[in-house]
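This report describes the fold of the protein chain shown below.

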Amino acid sequence: MKIAFFDTKPYDRIAFEQYAAMYGVTIKYFETKLNEDTADLANGFDGVCVFVNDTVNAAVIDKLYAMGIRVLALRCAGFNHVDMKHAYGKLHVVRVPAYSPYAVAEHTMALLLTSVRRIHKAYLRSRDFNFSLTGLTGFDLHGKTVGVVGTGKIGRVFIDICRGFGMRVLAYDKYPTPDLDNGDTVRYVDMDTLLLESDIISLHCPLTEETYHLLDAAAFEKCKTGVVLLNTSRGALVDAEGLLAAIKSRKVGAACLDVYEEEGDVFFEDNSGHIMEDDTLARLISMPNVLVTSHQAFLTQEALSNIAETTVVNIVEVLSGSPCANELCYRNGDIQDCGKNRHCF
Ligand code: NAD
């Protein structure tokens, strides 16, 4: 089994080589992202493996299908970058639905603590032997209200972490899981209540048509002045221009972003020698109360190992004609995990 692997980084190869050898899969690593111009590189392979910022639109799917490729392995959970409707009946799309919710939830808390305790500033100061505390005053998380949007795998771990800090949790989910609501420290509320009452808001829902720009200028207007925004989910959940305006007007007190709407062009790459073309990103990064990491929340040894093993097993299952529980099913306008021990088509 020969797989064309796009958007490769050195840390991918370490874990994938181990499992590829174990399961008899040969991988050719391409540094370039998959898109219409690079799809031809997949010619002669049995499958294609992509990450979050590769382009898998109708044109790319048609090219891959014409080459005889039948499996598209996403080495991530999100599939908002794949035209699932167009892929149906052509490519078996498999993903890694869970690899370490702890990795993402813990990174979210790391960003929050860094921001509210000004660790990023203290680190730079002390390296310059500047031991002044002026301007480093933070606030206690204990007793604060955190609004968690999306109470799936990552949201629930993040809620557990927040409870450990003695925070009150307001949760919103399109499909709530009632056992989470204890009527006291964790309560499900509607989105408006979450916006109105939260000191901190953390996004853990998928990017869909419905959640696109979930937080825009109008939503920020409803928030408490000084609210801290955490987004480790998907960039386009937040209208970046609306966020910038809300930071300038002091409505948003701080923003911690592991994802950004237009990250595809810049994240994961060293752009330090280049002029930043994206003015909104440049302005956000220039703000003292904005922290940006480059879609890094997943990046732990445990997550990388789980991603590699699940992806390789997914590929082997599909290509050997076995059922694959991690296949994504597009049916009647809805996309869901197949999970039924059979192929979707
Ligand atoms: P999950 O599927 O377990 O949970 C998502 C939750 O969102 C579910 O409970 C679902 O009901 C809810 N939801 C769906 N539509 C909603 C809506 N319109 N409004 C509110 N809630 C809605 O997914 P997960 O594993 O917890 O991952 C959450 C998100 O984290 C993923 O979609 C992905 O975008 C992101 N993610 C980011 C990284 C990273 O490195 N930054 C890594 C993994 C995942």
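Buried residues make up 49% of the 345 residues in the protein chain, where buried means under 20% relative accessible area, exposed over 50% and partly exposed in between, with a 1.4 Å probe and protein chains only. The model is predicted, so local features need pLDDT of at least 70 and side-chain atom pairs count only at pLDDT 80 or more, while totals for chains, interfaces and linings use all residues. Residues are numbered from 1 along each chain as its sequence is written, and side-chain values use heavy atoms, with hydrogens and water left out.

Along the principal axes, the C-alpha atoms fill a box of roughly 60 × 50 × 35 Å. The protein chain exposes about 16,100 Å², of which carbon and sulfur atoms supply 51%; accessible areas come from the Shrake-Rupley method with a 1.4 Å probe, and for residues only the protein chains shown count as cover. Among contacts with a separation of 6 or more, 64% are between residues 24 or more positions apart, contact meaning heavy atoms within 4.5 Å.

The protein chain has eleven helices and 14 strands. These are DSSP runs numbered from the N terminus: helices are H or I with at least four residues, strands E with at least two. Two strands pair if DSSP finds at least two bridges between them.

Seven strands form an open sheet in the order S8-S7-S6-S9-S10-S11-S12, with parallel pairing. Strands S8 (186-188) and S12 (290-292) are at the edges with a single partner strand each, so one side of each lacks a neighbour in the sheet. Neighbouring strands here are turned by 15° against each other on average, direction ignored. Strand S6 (residues 145-149) runs parallel to strand S7 (residues 168-172) and is joined to S7 by five bridges; Val-149 stands opposite Tyr-172 in S7.

Another open sheet has five strands in the order S2-S1-S3-S4-S5, again with parallel pairing. Its edge strands, S2 (26-29) and S5 (92-94), each pair on one side only. Four bridges join strand S1 (residues 2-5) to S2, and Phe-5 stands opposite Tyr-29 in S2.

**Helices across the sheets**

The table gives angles between N-to-C directions, from 0 to 180 degrees, with axes as lines fitted to C-alpha atoms, for helices over the stretch in contact.

| Helix | Strands it lies across | Angle |
|---|---|---|
| H1 (residues 10-23) | S1, S2 | about 160° to S2 |
| H6 (residues 153-164) | S6, S7, S8, S9, S10 | about 170° to S6 |
| H11 (residues 301-319) | S1, S3, S4, S5 | about 165° to S4 |

The twelve residues of H6 should span 16 Å at 1.5 Å a residue, and the 17 Å between its end C-alpha atoms agrees; the expected span is 1.5 Å times one less than the number of residues. Gly-155, Val-157, Phe-158, Ile-159 and Cys-162 are the buried residues of H6. Their cover includes helix H4 (101-116) as well as S6, S7, S8, S9 and S10. Just after H6, Gly-166 takes a positive phi of about 75°.

Ser-115 lies in helix H4 and is buried, with a relative accessible area of 5%. Not counting residues up to four places away in sequence, Ser-115 touches His-120, Ala-254, Cys-256 and Leu-291.
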